[in-house]
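Hi everyone, thanks for coming.

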Amino acid sequence: MKHQSNDGLTRLPLVLVVAGVTLAVTVDALNSTVYGMARPQFMEDLSATQDTTNWLNTAFVAAKLTLLPASAWAINRAGAGSILWLALVGTIMTSLLCAVSPGFPSLVTSRVLQGAASAGLLVAAQTILFQLFPKDRQGLIQAVFAFGVVVAPASAAPVLHGELIAVGSWRWIFALSAGIALAALFILLAVRRHLPLHKCEELDFDWVCLGMFAIAMTATAYTLSEGARWNWFDSARIQFWSAVALLGLIGVIARLRMQSRQAMFKTDVFGNSDFVFGFVVSFIAGFALFGSAFLIQAFALNVLFLPSELTGRLLLPSSLAIGLALLTAGWLISVQGANPMVFTPIGVLLVMTSMWMLSGSGSQSGSHDMWVALLLRGFGLGFLFLSLTLIALSGLPRPLISAGTGLFSLGRQLGGLIGVACLSTFIQRMNTLNSQVLGSNLNLSNQALHQRTDLLSQALVGRGLDPGTVDAAASTAIQNSLKLQVAHLTFNDAFLSLVWLFVAVFPALMLFKIAQKKIASP
C-alpha cells in the first residue's frame, strides 16, 4: 500500500501537467471560433461594416499562422516551459484587453497579440508533452491533449459561444477565455518544477524570413476568408491579396534555401518521412474537421432553421464521440501496442460514411435524425487526428519536436481555412445552379404550377385570407418552397463532396506512404 501511495504521489504532478496544458489550449479554441458565431454582434456593437469587422478574424488567424512555425526557435532557445509561461500570461492579458476594448482599432490590436500568444501556447504545450513522457505513453497523453485542440474547436466552443451570446455578449466569451487561462496558469504553477527546461542549440533567428512569412500568411488568411464572398478572382482585391500571398511564399522558400547562417525554424524536420506523411494528411484532416463543422452548422441554420444556441448543441454528440474515439485509440496504442497507422484508414472510412449519411438529410430532418451520422463523424475524426499526430511527431528527435509540432499545427489550421473557403464557394455555386434548374419550372406554360397555385389559393381563402391577395400569397409560398428545396439539394451535394474528396485523395496518400516505406527499406 505504501508503494502504491508513493507511486500515486509521483504521478499526480504529471497528471496535473497534462490537465493544465490541455485546459490552456482550450482557450485557443474559444478565441479561434468566436468570430464565426458572434459576427453580427461585433458589427452591431462596433458600428462597423462586415468588411471592417472581418479583420478581427483575419488579424488573429494571420498572427497565429505566422508564429506557429516560428515559435519552435524560441522554444529551443528558451525552453518549452519558459515559452509556455510567456504565452499563457499573454493569452490572459490579451483576452482581457479584447473583453474591455472600447473600439475597433484597440480590438484588432488585441486580436493580433492574442493570435501570437495562441501560437506559442499551442506549440509549447504539445512540445512539453512529447519531452516529458516516453514514446510508449504518448497515445493516451496525446488523446487527452486532443480534447483541447480538436474537440473544443469542433463543437464545445461553438456551444459555449451560442449560450453566452444568447444571454450576454461577445465580451463575455473573452472574459471566459481569460478565466480558463488563469485556471490553467494556477494548475501549472503548482507543478512548475516538472515542466521541462530543455534547450537546443539554434542558429540566429531570420527576421527577414519572418517578415515575409507574416505578409504571406496575412494575405493567405484574407484571401481564404473573403474569397468566396467576392467570387474569388473576379474581384481585383482578391487578385491582389492572392498575388501578395504567392510572392510572399516564394520569398520565404527562396530565403530558406539561400540563408545558411540564420533560420526561422528547423527545415530538417522534412527529412523524416513519417512527419512528411502526417504533415500532408493534416491538411486533409483539417479540411474535414472544420469543413464538416461549417457545413453542419450552416445546414442547421439555413435548412432546419435552428436558433444559434441549438445549432451549437447539434455538434455535442459528435464531440462526445471524438472524445471517446481519442481515449479508445490512445488506450489501444499505449496499453495494447496497436500501430497508430491502423486508425488512419478507419477514421477516413467513418468520416466518409457520416458525410454520405448526412447527404440524405432534408428539411424535415430533426437533430435526432442526424445523431448516428454525427457520432460516426466524431469517431472518425478522433481516430484520424490521434493517429496522424503520433505518426508525424512521435518519431522526431528532441531538437526537432518543436518545429514538427508548429508545422503540424500549421497544416491543420490551413487545411481548415481551405476547407471552409472551398465549401463556401461550392455552396454558393451549387445554390445558383440548383436555383436555375428548379426555377425553370416556374413559368406560365407549366400546368403543374397553375394547379399548385390554385390549390394553395383555395387553401388560403379557406383560412380567411382576402381573395384579392391569395394569388400573390400563393406565389410567395411557392417561391419560399423552391428556395428551401434549393438549399436542401445544395447541402446534400456539399456533404457528398467531402466523400468524393477522400475517394480522390486518400488512395494517393496511402500509395505515397507505401512508396516511402519501400524507399526507406534496404
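Let me start with what I call a helix or a strand: these are DSSP runs, H or I with at least four residues for helices, E with at least two for strands, numbered from the N terminus. By that rule the protein has 16 helices and 2 strands.

Two housekeeping points. This is a predicted model, so local features need pLDDT of at least 70 and side-chain atom pairs count only at pLDDT 80 or more, while totals for chains, interfaces and linings use all residues. Numbering runs from 1 along each chain as its sequence is written, and side-chain values use heavy atoms, with hydrogens and water left out.

Now the overall picture. I'll say buried for under 20% relative accessible area, exposed for over 50%, and partly exposed for in between, with a 1.4 Å probe and protein chains only. Of the 522 residues, 53% come out buried. The accessible areas are Shrake-Rupley with a 1.4 Å probe, and for residues only the protein chains shown count as cover. The protein exposes about 22900 Å², and carbon and sulfur atoms supply 66% of that. As for contacts, meaning heavy atoms within 4.5 Å, take those with a separation of 6 or more: 83% of them are between residues 24 or more positions apart.

On to charges. I count a salt bridge when a side-chain nitrogen of Lys or Arg is within 4 Å of a carboxyl oxygen of Asp or Glu. How many salt bridges does a search of the whole structure find? The search gives 3.

One of them joins Lys64 and Asp28, with the closest N and O atoms 2.8 Å apart. That pair links distant parts of the chain, since Lys64 sits in helix H2 (residues 50-78) and Asp28 in helix H1 (residues 2-46), 36 residues apart. Both Lys64 and Asp28 are buried.

Then there's Arg255 with Asp206, again 2.8 Å from N to O. Arg255 is in helix H8 (residues 236-258) and Asp206 in the loop between strand E1 (204-205) and helix H7 (207-226), so this bridge ties together parts that are 49 residues apart in sequence. Asp206 is buried at 1% relative accessible area, whereas Arg255, at 21%, counts as partly exposed.

The remaining pair to show you is Arg229 and Glu226, with their closest N and O atoms at 2.8 Å. Here Glu226 is buried at 3% and Arg229 is partly exposed at 35%.

Next, the aromatics. Rings of Phe, Tyr and Trp (its six-membered ring) pair if their centres lie within 6.5 Å; planes under 30 degrees apart are stacked, over 60 edge-to-face, and the rest tilted. The structure holds 13 such pairs. Among them, Trp55 and Tyr222 are stacked, 5.2 Å centre to centre with 25° between the planes. Trp55 is in helix H2 and Tyr222 in helix H7, so to speak a link across 167 residues. Trp55 is partly exposed at 29%, and Tyr222 is buried at 6%. Tyr222 also pairs with Trp241, this time tilted, at 5.1 Å and 40°. Trp241 belongs to helix H8, 19 residues from Tyr222, and is buried too.

Finally, the loop between H7 and H8. Most residues other than glycine have a negative phi. Asn231 lies in that loop and has a positive phi of about 60°. Trp232, in the loop between H7 and H8 as well, has a positive phi of about 50°. Which of the two is buried, and which partly exposed? Trp232 is buried at 15%, while Asn231 is partly exposed at 35%.

That's my tour; happy to go back to any of it.
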